[in-house]
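Please read the points below with the model open beside you. They begin with one term and then go through the chain part by part.

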Amino acid sequence: MSTTRPCSPGDRGPESGDGGASGVSAAGATPVDGGASGDAASPDGASLAPTGRQARRLSFEGESGVVPLARDFARQALYAWGWLPAASADRRAAAEDVLLVVSELVTNACLHAEGPDELRISCDNKVLRIEVSDRGAGQPAPRTPHRAGRPGGHGMFIVQRLCLDWGVVRTPGVAGKTVWAELGAPA
């Protein structure tokens, strides 16, 4: 787990541009994947996970209650991409891990970085990537030594434990950063 590497091995870094966004599905929410049209269905009509890279973005500009807003946005993406409804306990746990990581990253931006600017979630067949952009100058890191009984300060430790990898991207000359985390797609 890394806080110094700007992106995971072989990754291009944070999503850039709108990737041909087809429109806005909710206040500030943009499906970059073209929305539900990229979803596939089985012969019996059940939704299957879409193929290729899917991405969605949510702007927090002018929003309040951003943590529940972010969780609802992430949950909608998980439904659209076939992670939910979960067919097994393992798939349900994978979806809950995504929602927890979204909550932790957005909460950290609220507490330590003047609030989040944008949430981006993207998924392919193997990895789901969460990115939260903010204007803060701080560097997120798990509190060490980690003491389970101490209140507060567990957010990045949780992210570190649940994710395949995570890190921070900074653009030279631009205020703020993007904190990203990647989780494995359910089998």
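1. Ser-122 lies in strand β5 (residues 116-123), where strands (E, at least two residues) and helices (H or I, at least four) are DSSP runs numbered from the N terminus. Ser-122 counts as buried because its relative accessibility is 2%, buried meaning under 20% relative accessible area with a 1.4 Å probe and protein chains only.

2. This is a predicted model, in which local features need pLDDT of at least 70 and side-chain atom pairs count only at pLDDT 80 or more, while totals for chains, interfaces and linings use all residues. Residues are numbered from 1 along each chain as its sequence is written, and side-chain values use heavy atoms, with hydrogens and water left out.

3. The mean pLDDT (the predictor's confidence in each residue, from 0 to 100) is 79 for the chain, with 72% of residues at 70 or more. Over residues 12-27 the pLDDT stays under 50, and over residues 33-50 it is below 50. Where pLDDT is low, the predicted coordinates should not be read in detail.

4. In helix α1 (residues 66-80), the buried residues include Val-66, Phe-73 and Leu-78. Seen down the axis of α1, the buried residues fall within an arc of 160° (taken from the directions from the helix axis to the C-beta atoms), so they line one face of the helix. Just after α1, Gly-82 has a positive phi of about 85°.

Key
Contact means heavy atoms within 4.5 Å. Buried means under 20% relative accessible area, exposed over 50%, partly exposed in between (1.4 Å probe, protein chains only).
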